[in-house]
Amino acid sequence: MKEAQNFDLIGGFELPGAVLNLALQMGKYKDYAEQLRVMLQGYEEAIGGLTMVQCKVLHTQIADLHKCLRPGLTPLNWNSLGIVDFVESATRGIAAFKNIREQVEKSEERVQAVVESIEQSILVRPFDWTKTDLSPSPSTSTLAEDSVDSSSDYQRVMDVQEFYDFFETHRLSEVEKLVDQYEAIGPFLIKIEETTAGTKSGAAESMREYYAYWERKFFNAITTALVRGLSTFQVLLTSTAAASSERPPLIKIRSEFNPPEVVVGSLHGVFKLITKLLQNVLHSSAAFVRWMDGTCLLVPTQSTELDEEKALAFSFYKDVSQNPALVEMTMTIQNSVQQVFQTINKFMRS
């Protein structure tokens, strides 16, 4: 085609009609080539960046898209009459696929936001060592006045019940908020099912792997949140000697000197409440009810035979609580607290 144009420009050559006709079609050829290029670029944008799980959930739509492109695999010459129809059909197929993908990704963003919210949640309330408003509540002011040390520094230290409430109230509020978000994702997943599978049951067989994928993500997010929470307690309760000398005590414990005896407040009760705080962090996972197998539907609560009013929920707790990292962190914190209590006993009775 290019050679025919060059001969025509040079002149002096009598070119066959077929060759001249070919040269005159250069504009048409370039137009076809540009349309095909734009169409293929649109295809790459539509299909590019899909994750493996997205490819699985969109496998029907991807197959339909490839069906639109299949005629392009047949050898055609530049003068074939079906090129325009092929480009138009492929462009419509690409646009339809893009629309479905955008709907799926929009719903996925809402679900992913909840995953990240759980993962980044702060279950253990931050403890500000520089605060000066940790004075005892009115109910404990008498205890502070009767204590051995009535200095202002001592009065800013919480008793064990205040210490427990300080963290537990925050944890309950945070878990309640996260559970509300978690239980609200069902409609978004069902919307994806409706878009890709044409059903709204939340239990389509074609969505089984997809729902399992998201359940694993929530499992990992909850585990991460618990690890973060216990890590905060670990830093709080297992500090180094250098750090301990730079910060005030966490909890005040009352002791009385009645010669020749020294009566120390119930250390067992203190240890019990601290242990309960740690267990409560792990029990946060019990608030997240799991889905029925292969679905995104919450498992209905089950009543026990002995107590019909006491419902049991199938939650993430059983699996999450067995995580080796969580078990090890809990034991480390408890051992550290026990060592502190042994030191207190030894000091007070020396």
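Analyst: A residue is called buried when its relative accessible area is under 20%, exposed when that area is over 50%, and partly exposed in between. A salt bridge, in turn, is a side-chain nitrogen of Lys or Arg within 4 Å of a carboxyl oxygen of Asp or Glu. The model discussed here is predicted.

The setting may be described briefly. The protein chain has 15 helices and four strands, and buried residues make up 36% of its 350 residues. Among contacts with a separation of 6 or more, 73% join residues 24 or more positions apart. The accessible surface comes to about 20,900 Å², and carbon and sulfur atoms account for 56% of that surface.

Side chains of opposite charge can pair when their charged atoms come close. In this model the count comes to ten salt bridges.

Consider the pair of Glu174 and Lys177, whose closest N and O atoms are 3.4 Å apart. Both residues belong to helix 9 (residues 160-183), where they stand three residues apart, about one turn of the helix. Glu174 has a relative accessible area of 12%, which means that this residue is buried. Lys177, at 40%, is partly exposed.

The next salt bridge joins the side chains of Glu215 and Arg290, at 3.3 Å from N to O. Glu215 lies in helix 11 (residues 208-237), whereas Arg290 lies in the loop between helix 13 (267-283) and strand 3 (302-303), so the pair ties together parts that are 75 residues apart in sequence. Glu215 has a relative accessibility of 16% and therefore counts as buried. Arg290 is also buried, with a relative accessible area of 14%.

Finally, salt bridges may share residues: Glu205, Arg208 and Asp293 are linked in a network of salt bridges.

How values were computed
Residues are numbered from 1 along each chain as its sequence is written. This is a predicted model: local features need pLDDT of at least 70, side-chain atom pairs count only at pLDDT 80 or more; totals for chains, interfaces and linings use all residues. Side-chain values use heavy atoms; hydrogens and water are left out. Helices (H or I, at least four residues) and strands (E, at least two) are DSSP runs, numbered from the N terminus. Buried means under 20% relative accessible area, exposed over 50%, partly exposed in between (1.4 Å probe, protein chains only). Contact means heavy atoms within 4.5 Å. Accessible areas come from the Shrake-Rupley method with a 1.4 Å probe; for residues, only the protein chains shown count as cover.
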